[in-house]
Each structure stands twice: as structure tokens, then as C-alpha cells.
Amino acid sequence: MAPATSPRGAQVKKKTVFIVDDHPLLRQGLALMINREQDLAVCGEAEEAQAAMREITAKKPDILIADISLNGPDGLELLKNLRMLFPSLPVLILSMHDESIYAERALRARANGYIMKQEATEKVLVAVRRILGGEIYLSDRMANKLLHQYVSGASADMNSRLSALSDRELEVFRLIGEGCSTRQIAEKLHLSIKTVETYQAHIKEKLSLHSGRELVQHAIQANISNKTS
């Protein structure tokens, strides 16, 4: 790919971006937006974590944009695996899921930023450039929330109670809230039904829930709250 040219005629080497998302239209939209920029270019795309690992190893992008919700291993699992091979690769997590639950987990897994898909598209470019410049990117709301938690301690709302769940348990909880059956969850996450049932039991124990019905009710309520927050 030819380097971009600055207004003064000097050549500018484009930073390369790799996109991981299981929605083709979203990948295409991001790629079109990024490729219009003089200093950025998409070097590859993948729809699931295993293919992403192979392609990232081959193409060595300057930054990765990854969704949390992927078929099979999710974006957080991909991030953890990437950190073992590419500890310094900048990663921006892009997700439809509430940042108040997932952003802190992404940062703990050493993401360099978190942005919700509902954000204006130009903010993706802002986030990418800030991260490439060595900064961490979060929305103003999330940055203020984390600062408040640091100063005053964790609150007792549902989001803070969900922090007791592991990343995989939270993923199962989210899928329950989206109306998925145990079998559907197993298929989506490439797990056995027995393994999913074990995760469900752990979730009930950690959230002090006494039945499968209570688990479903709490998962649905958390899902609705996150979409309206």
C-alpha cells in the first residue's frame, strides 16, 4: 500500500489497523471509515478469535479493534491470549455492552481503550489516534465513574455485584439475559452443556440466587438496565 502524502508533499507512513468483529456490515463500515483517513489503513479483518490470532501474527498491525461478543472465545479471551504473544500491541475494545460492566474488565486484561458501538463514529478515530499516541481511551462518563469508585469505594449496585463473576461467568450471565437457552449458550461459546450448567451454578452462588428462575430474572433485568443506562 502506497504511503499517504502530507500537504507539503512529504510521505506519511500509514498506521495499520486490524478489525475483529462477527458482524460483516460493521467491519465493512469501520474499514471504509478508517481507509478514508490519510494516516490510517485497515490491513486485515476477522470474525472470530482463532482466525484473528493467525492473521495478526502474519500481518503485525499497529493497533487492533476487537468486539467483545464473538462466536467461540470472546474479545476478552482474545485479548488475554494476545498479551502472551504481543504484550505491547495496542488494543481498542469496541462493544455494544455497557461500559460500566465491561470497560474495567477490559482494562484489567490490558486493553488500551473501550468504546461503545453507540458512540459517534468519529470517536472511534479519536480513540484509535489517542491509543496510538500512548494514551488510554475511555468515555468521559466511564473515566469519571472509575475515578469516583477509586475515591469513594465500590457501590452496592448490580454492576458492582457482577464484578464477583469471572469473565466467562459474566458472558454466560449476559447470554441468559438475552434469552438464550443452556444449549444455545453452549453452542455459541463452543462449550458442553454440562460446563455451561456449572457456570450457571457458580453464578447463582456468587449472586446469592436460589433458583434457575431467579437467575433468569436477574439476568434479564441486568440486560435491560445496561441497554437503558
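Where is Ser139 found?

1. First, some ground rules. This is a predicted model, so local features need pLDDT of at least 70 and side-chain atom pairs count only at pLDDT 80 or more, while totals for chains, interfaces and linings use all residues. Residues are numbered from 1 along each chain as its sequence is written, and side-chain values use heavy atoms, with hydrogens and water left out.

2. Back to Ser139: look in the loop between helix 5 (121-132) and helix 6 (140-152). Helices here are DSSP runs of H or I with at least four residues, strands are runs of E with at least two, and both are numbered from the N terminus. Ser139 has a relative accessible area of 9%, so this residue is buried (under 20% is buried, over 50% exposed, in between partly exposed, using a 1.4 Å probe and protein chains only). Setting aside neighbours within four places in sequence, Ser139 is in contact with Glu99, Tyr114 and Glu119 (contact means heavy atoms within 4.5 Å).

3. Next, strand 5 (residues 63-67), where five of five residues are buried. Ile63, Ile65 and Asp67 lie on one side, with Leu64 and Ala66 on the other, and both faces are covered.

4. Follow the chain through strand 5, helix 3 (residues 75-85) and strand 6 and you have a right-handed β-α-β unit. Right-handed means that, with the strands pointing away from you, the path from the first strand over the helix to the second runs clockwise.

5. Now try Glu171, in helix 8 (residues 167-177). Glu171 counts as buried because its relative accessibility is 2%. Leaving out neighbours within four places in sequence, Glu171 is in contact with Gly72, Asp74 and Leu189.

6. Last, a helix pair. The axes of helix 9 (residues 182-189) and helix 10 (residues 193-206) come within 9 Å and cross at roughly 110°, so the two helices are roughly perpendicular to each other. Thr182, Arg183, Ile185 and Ala186 of helix 9 make the contact with Ile193, Val196, Glu197 and Gln200 of helix 10.

Technical notes: Axes fitted to C-alpha atoms, helices over the stretch in contact; angles between N-to-C directions. Parallel < 35°, antiparallel > 145°, perpendicular 65-115°, else oblique.
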